[in-house]
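The stops below go from charged pairs to the core and then to the rings.

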Amino acid sequence: MKKYILIALVLLGMNTLAMGQQNKMPTAQEMTAKNVDELEKRLKLSPTQKSVIYTYVYDMSKQQLDLIKRQQAGTSKEDDVTKFYKLQNETNDNIRTILKGDQLPEFEKVLEERLSGVDRKKKKNKKGKQDKEEEVVSDISGLKMKP
């Protein structure tokens, strides 16, 4: 009897573990929808622009997810990281070609925020609470300990 209970608990634990691992990686469609929705709100995209950008971002997301899966499986190649960022840069360049007027500077702000890891929603909340700007350090001197 104890053996059956132990086997049932082990199987239940393995099933729970397997289900938890399946839900971690977003799909290319989910990533693309989130990305394009943010751009649509921030850049006030026309329906045509949104459609074209969706295509660019979806293609990039599919390829990047394939690269990530290969890396997780241990079958990645040396140049996969380079490919990952090259895809990103090409997609951003393609998006720039279809943006107009004040959309370009706002797109550059979006890219800068993404690179710096700034969450726009949190940034808005901080501005409301305090008007101080964070000190930005752009070289190695900022990493040195102050006496």
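A salt bridge here is a side-chain nitrogen of Lys or Arg within 4 Å of a carboxyl oxygen of Asp or Glu. The model is predicted, so local features need pLDDT of at least 70 and side-chain atom pairs count only at pLDDT 80 or more, while totals for chains, interfaces and linings use all residues. Residues are numbered from 1 along each chain as its sequence is written, and side-chain values use heavy atoms, with hydrogens and water left out.

**Stop 1: charged pairs**

Select Arg 96 and Asp 93. Their side chains meet in a salt bridge, 2.8 Å from N to O. Being three residues apart in helix α4, Arg 96 and Asp 93 are separated by about one helical turn. Helices are DSSP runs of H or I with at least four residues, numbered from the N terminus. For accessibility, buried means under 20% relative accessible area, exposed means over 50%, and partly exposed lies in between (1.4 Å probe, protein chains only). Arg 96 is partly exposed at 25%, and Asp 93 is partly exposed at 43%.

Next, select Asp 80 and Arg 70. The closest N and O atoms of this salt bridge are 2.7 Å apart. The pair links distant parts of the chain, with Asp 80 in helix α4 and Arg 70 in helix α3, 10 residues apart. Is Asp 80 buried or exposed? Asp 80 is buried, at a relative accessible area of 5%, whereas Arg 70 is partly exposed at 29%.

Move to Arg 42 and Glu 38. These two form a salt bridge whose closest N and O atoms are 3.6 Å apart. Both residues lie in helix α2, four residues apart, about one turn of the helix. Arg 42 is buried, with a relative accessible area of 10%, and Glu 38 is partly exposed at 29%.

**Stop 2: the nonpolar core**

A nonpolar core is a set of buried Ala, Val, Leu, Ile, Met, Phe, Trp, Tyr and Cys residues joined through side-chain atoms within 4.5 Å. Select Leu 39, Ile 53, Leu 99 and Phe 107. Of the 14 residues in the largest nonpolar core, these touch the most other members. Helices α2 (28-43), α3 (47-73), α4 (80-98) and α5 (103-116) each supply at least two residues of this core. The largest share, four residues, comes from α3.

Now centre on Leu 99. Which residues does Leu 99 touch, not counting those up to four places away in sequence? The contacts (heavy atoms within 4.5 Å) are Leu 43, Leu 45, Gln 49, Ile 53, Leu 104 and Phe 107.

**Stop 3: aromatic rings**

Rings of Phe, Tyr and Trp (its six-membered ring) pair if their centres lie within 6.5 Å; planes under 30 degrees apart count as stacked, over 60 as edge-to-face and the rest as tilted. The count comes to two aromatic pairs. Select Tyr 54 and Tyr 58: the ring centres are 6.1 Å apart and the planes are at 10°, so this pair is stacked. Both lie in helix α3, four residues apart, about one turn of the helix. Tyr 54 is partly exposed at 31% relative accessibility.

Finish at Phe 84 and Tyr 85. Their ring centres are 5.3 Å apart and their planes are at 80°, so the pair is edge-to-face. Phe 84 is partly exposed at 21% relative accessibility, and Tyr 85 is partly exposed at 47%.
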